[in-house]
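Here is a walk through a two-chain model, for someone meeting it for the first time. Have the structure open beside the text and follow along.

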Amino acid sequence: MDPTQFDREKLAAVIGKYQDKKWALIPLLQDVQEVFGFIPPESIEPIADALQMFPSEVQGVVTFYSGFSLKPKGRQVLKVCRGTACHVKGSRTILRMIKKDLGLEEGETSEDYQFTLETVACLGACFLAPTMMVNRDYYGKLNPTKVGAVLGEYRKEDKEA
Amino acid sequence: MKNIVVTINGKKISSPPGTTILAAAERNAISIPTLCSHAELAPYGACRICLVEDRNTGRLMASCVTPVAQDMNIATDSDRVREHRKNIVRLMIAEHPESCIVCSKGNRCELRKAAAELGVAETRLYPMPNYKPFETLNPFIARDLSKCILCGKCIRADHELVAVGAIDYSDRGFSSRPATLYGRPLEESVCTFCGTCVSMCPTGALSTRSEHYAGTPEKEAYTVCGFCGAGCSMAVGVSGGRVVEINPSEDKNTVNGPTLCVRGHFAHDFLLSEDRLTTPLIRKKNEDGTESLQTATFDDALSSVVGRIADIKRHHGPESIGFIGSAKCTNEENYLFQKIARVIFETNNVTNCQERNGASLLRRIDERTGGAARITPLSGLEKAEAIVVVGTDPEHTVPVAGYHIRRAVRNKTPMVVIDPSRSGMASFGGLWLHPENNEEGGRDAFRFAVDALGALATSIASENGADSQYIGSATEDPDGWIDSLSRENPDAHARAAGIDAAKIRKAASMLVGKKIALVLPPDLLERQFGNQTFDAAFNLALLTGSIGVQNAGLFVFTLENNTAGALDMGCAPDLLPGRRNAADPDERKIVEKAWEKALPETAGMGLLEMIEAAEAGTLKALYIMGENPLRSLPNPERIAAALEKLEFIVVQDIVRTRTAEIADVVLPAAAFSEKQGSFTNTEGRIQSFGPAAQPPGDSLPDWNILASLARKAGYPEQYTTIEKIRQEIRRIAPLYAAMGSHRREWLKKSDTGGSKRFCFAPPPGPEKAQKDDSFPLTAYIGNLRWHLGSGSRTARSGRISAGYGAGRIGISRTDAESLGIAIDDLPVVRITSATGSIERQAEIFPGLPAGFVFVPSGFSGNDAMRIADFNAAQAGGENGGQGWRTVRVRMETS
């Protein structure tokens, strides 16, 4: 699937659940992001129409929350923790390693849309430092070998799927 | 609920619960500095500079968003408060670029003022200017968002006042800025360039682009806008005697509040156009035998006018002279103009330029309601129970009225839009009725409103939605229209209109039991099926008991600022001042007594009759004030040929128009901002104003010219002041009893309205638009928001022309495809009607139905009238007649 191809019917199905419910903007955006992996910019106007808002208002909400992205993300989103505890435990090296392994800078997505690399201020799991998340899974007490194994595992899974 | 008592700066103040501390303080003349607060916007609390201290608790609160609470002990100016305020301003300035010296906001910058008052000079902070790209691609607004302090006034004005939604905050923290959708430049967004945000912006982040002036104007003066019928109150910035900037007036209870539209805000640069007339001109022979217009003195020009017209009158009688007044000139001027025609030159051949465009509808409404519907405050739209918009987009014709409607809809007022085109209004939250099931939707576009209104009425009646008490007490139904409703099947009626039955039922359910504000297009009677549409709308209004009651009834937004006033002043062949019927001996006697002069009994010639009389050779002279018939009337070739035949033409105008070029004498006049007078706006308000700037060169206010002319013709009355003219108007036209006592006064309520019964119109006939294979498309000649009328003024605005000077023809995607037009290249197309043809670029107007073409008028080089049919103008939209604004055409690529 090429995430840059926008499927209007899929969007209409998501929007249909929230028609005319202005309060539902954030849950709706979360659903859209769940379905598409990001908020396709083309979806802003249909969403605004359905909730009787201005498109610029919807954009304002999307751009305010870092949890929403207007750019397509990879199937696996890596969030490397850059909090104090992780920093002390060497997260800088972990990040450098991952960058090198994936060939990505922070905020970038690989061309095949498998990986997106992000950093976060703290994942709230300092006792596992250094940590990262891949999609919804935590990986703690990281070291170079473990990072390599985790990334390798995801590459393998992705190929099989 | 009990009032709440607080102490502010030691003073006990009592206010109702919910009052903000800021409002309570301001009401008691305690001033608190603000940047993001505005009386017309909801409290927001963005800038925090209005913070105050509660001495009881030590809390610091933003006073603009904190309601008063019992026993608060507020200090608005303590050392602590000042210290915090200073810090806020220091932080704002640290982020602000140091470009004050070239900033056009100059001394009006509120941030600068706040800094000055708090004694903040050097911030002693590390400067961190937040540079953003400087946007100046559009000709109206310069956006320098590095100067933005994020007060959100622009965004809130956009959302709350004009309800367009072009901008909102985007991003977060340091990178947060007001942005359009996808961060596009303004001209690629839905922005209408009303400029409301520019007037609101406290800093130089948003400013007016101008080639003439940058900075603070020397002085500010009050005037009323000279463009559309809204008659917005404006604060005119003047420097060196010239108008250099316009903002909405800060007066209370104006029609526009803090808003304006693109014409009002930006098109005034036509005032500085090189085409302004600065001296009188007389046509004279040159040495080589040719003739040309040559500079003259006012004395010579007026002598020539009086001499020649008197001469023609002596030889050919008074009926050989015609007078065309102006819906752009003031009440006082139109009064003098028709008085000169009737008293000095003894003819009823006097009319005004809007006779066939707006005035016709005002007159029809007057006839049907006995004058009970002249006063229609636009603020009533926001209080209306329901709104029905019929075939017009006020956002383009009278934008300020459009804002009122949008605000009402944002406030959950039900709105039904009946329009074959998906206008901005149609896509704004209401229910849009259009001929979706009619493949010939474009051809039947103007029949559609008749059927849709009929289907609505039938459906409302079938749901027992008729206001029987009102119908019984206030109406008559000689043709049995209500009975005819019960014989109709609402679903069948809906199908005939091409609408799903369920949709009509839904629309009806939105309106049942409600008084309706019906918005009609000003040119309705000049459209195909115009009369039937009016009747259908009028019947629906009576059925729902909506006429003669507040916040409901018929709303007509006139295109020219003084359409109503010119009519009221008697610039009509059959009406004397005060809308007195010239044929009625009693009415005539009142005016005759006041003027001490016997008046002609028969009605004079109207606009089109004058042209025909000129063709026939019976009209010999024409005096045209503030009008350009060669550009504004249908079939300009025919008009030119007719005017050529005249012996003598006087044109009194502000710019050198096409008609001025063929005149024998040209008299240079002052524009609205350069004179004193009053306009009567579309809501029935008489709005008085004084001069704000100097008229250019020798030009004079029209009333001065007319007064000199009367003197020259030997008329004994000396009209040396506006007040003198007003006294006469007040005496003759009781409607204008309140004229001039304040800046804004309402027309007097009509006495006849209460006793008269309103009459239902007969059911419409079944005529449909005729199929015509040689002219398969329907064209509508209309205005887009950038231009007004024939464009004598707006097309001379450098800013408007730079942005929207092309006047592209709007076509539907279906038609573009079926004609094989490569629309992306903006191809030139030829539009041909039975009358003539025009060539212009075409583009897709996304909302248009197939078979429908939109021809904008008013653009530079406007030639739209070449396809309009003069004879259709004569007939109006009578009995399915074509009407001159709606034309059968074909389209080819050229």
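In chain B, the C-alpha centres of domain 1 and domain 2 lie 28 Å apart. Keep in mind that this is a predicted model. Where these two domains of chain B touch, 9 residues come from domain 1 and 13 residues from domain 2. On the domain 1 side of that contact, you'll find 7 nonpolar residues, 1 polar and 1 charged.

Those two are part of a longer list. The domain assignment of chain B gives domain 1 as 4-77, domain 2 as 123-269, domain 3 as 281-357 + 562-737, domain 4 as 359-556 and domain 5 as 777-893. Notice that domain 3 of chain B is written as two stretches, 281-357 and 562-737.

**A sheet in chain B**

Now look for an open sheet of 5 strands in chain B, with the order β20-β19-β18-β22-β23 and parallel pairing. Which strands stand at its edges? They are β20 (431-433) and β23 (553-556) of chain B, and each has a single partner strand, so one side of each is left without a neighbour in the sheet. From one strand to the next, the twist averages 20°.

Strand β19 of chain B, residues 415-418, runs parallel to β20(B), and 3 bridges join the two. Within this stretch, V417(B) sits opposite W432(B) of β20(B). A helix packs on the sheet as well: α17 of chain B, residues 501-511, touches β18 (386-390), β19, β20 and β22 (516-520) of chain B. The direction of α17(B) makes about 130° with that of β20(B).

**Where the chains meet**

How many residues of each chain are in contact with the other? The count is 13 residues of chain B and 11 residues of chain A. On the chain B side, strand β8 (residues 167-170) gives the most, with 4 residues. By class, the chain B side has 5 nonpolar, 5 polar and 3 charged residues.

**Getting to know chain A**

Over to chain A, which has 7 helices and 4 strands. Reading from the N terminus on, its elements run α-α-α-α-β-α-α-β-β-β-α. The C-alpha trace of chain A spans about 50 × 35 × 20 Å along its principal axes. Chain A has been assigned domain 1 (8-64) and domain 2 (76-160), and 30 Å separate the centres of these two domains, taken over C-alpha atoms.

Two packed helices are described by the angle between their axes and the distance between the axes. Here are the values:

| Helix pair | Angle between axes | Distance between axes |
|---|---|---|
| α2 (25-36) and α4 (55-64) of chain A | about 70° | 11 Å |
| α1 (8-16) and α2 of chain A | roughly 150° | within 10 Å |

Start with α2(A) and α4(A), whose axes are 11 Å apart and at an angle of about 70°. That makes α2(A) roughly perpendicular to α4(A). Their crossing is right-handed. L25(A), I26(A) and L29(A) of α2(A) meet V58(A), V61(A) and V62(A) of α4(A). By class, this contact has 6 nonpolar residues, no polar and no charged ones.

Next come α1(A) and α2(A), with axes that come within 10 Å and cross at roughly 150°. Here α1(A) is roughly antiparallel to α2(A). The crossing of α1(A) and α2(A) is right-handed. From α1(A), the residues making the contact are K10(A), L11(A), V14(A) and I15(A), while α2(A) brings L28(A), D31(A), V32(A) and V35(A). The contact of α1(A) with α2(A) divides into 6 nonpolar, no polar and 2 charged residues.

**Two backbone details in chain A**

Finish with a couple of loops. The peptide bond from A129(A) to P130(A) is cis, and its omega is near -10°. You'll find P130(A) in the loop between β2 (115-120) and β3 (132-134) of chain A.

Where does N135(A) lie? Look in the loop between β3 and β4 (137-139) of chain A. Phi of N135(A) is near 50°, a positive value in a residue other than glycine.

Definitions and conventions. Residues are numbered from 1 along each chain as its sequence is written. Chains are lettered from A and ligands numbered from 1 in the order in which they are written. This is a predicted model: local features need pLDDT of at least 70, side-chain atom pairs count only at pLDDT 80 or more; totals for chains, interfaces and linings use all residues. Domain bounds come from an automatic or database domain assignment. Two strands pair if DSSP finds at least two bridges between them. Axes are lines fitted to C-alpha atoms, for helices over the stretch in contact, and angles run from 0 to 180 degrees between N-to-C directions. Two residues are in contact if their C-beta atoms, placed from the backbone, lie within 7 Å. Ala, Val, Leu, Ile, Met, Phe, Trp, Tyr, Cys and Pro count as nonpolar, Asp, Glu, Lys and Arg as charged, and the others, Gly among them, as polar. Angles under 35 degrees count as roughly parallel, over 145 as roughly antiparallel, 65 to 115 as roughly perpendicular and the rest as oblique. A crossing is left-handed if the near helix is turned anticlockwise from the far one by less than a right angle, and right-handed if clockwise.
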